[in-house]
Amino acid sequence: MTRRHFCAVALLLLFLVRLGAQEQTPTVTFQNQSGEDCVVKLVGPTVGYVDVPNGTDRTVQVHGGRYYIITRYGQPQHYRFTRGAPFDVVENAYSVSRISITLHKIANGNYQTTPDSGRDF
């Protein structure tokens, strides 16, 4: 293969990689293993509410940027709210995020949450 052919192939591969990344949208998946039904408020460049019944997964498409979640567990008059730590979603020409957050209490888990008043829910 000549140097000219090699450069043409390299440019074609770079173009295809960029095209593939542009066609994909970042996602966040919520997996509810809490033992209770949950509603998640996603806060960031894409804002919305996601119902996640106990034992189910829900996936939403989002835009790149910084996010956090507020979760509401339980039933009316007995709700419990938590706020999650901020996290970043990548969306660029080379990659998109596929984030999964498991909703349940784990001591020393890998996603920090704190109790919340629910005022911003």
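What share of the 121 residues in the chain is buried? In this predicted model, where local features need pLDDT of at least 70, side-chain atom pairs count only at pLDDT 80 or more, and totals for chains, interfaces and linings use all residues, the buried share is 31%; buried here means under 20% relative accessible area, with exposed over 50% and partly exposed in between (1.4 Å probe, protein chains only). Residues are numbered from 1 along each chain as its sequence is written, and side-chain values use heavy atoms, with hydrogens and water left out.

Confidence comes next. The mean pLDDT (the predictor's confidence in each residue, from 0 to 100) is 83 for the chain, and 76% of its residues reach 70 or more. Over residues 3–22, however, the pLDDT is below 50, and this stretch has 11 contacts (heavy atoms within 4.5 Å) beyond near neighbours in sequence. Where pLDDT is low, the predicted coordinates should not be read in detail.

Helices (H or I, at least four residues) and strands (E, at least two) are DSSP runs, numbered from the N terminus.

Three of the strands form an open sheet in the order E4-E1-E8, with mixed pairing; two strands pair if DSSP finds at least two bridges between them. Strand E1 (residues 27–32) runs antiparallel to E4, joined by five bridges, and Gln31 stands opposite Asp57 in E4.
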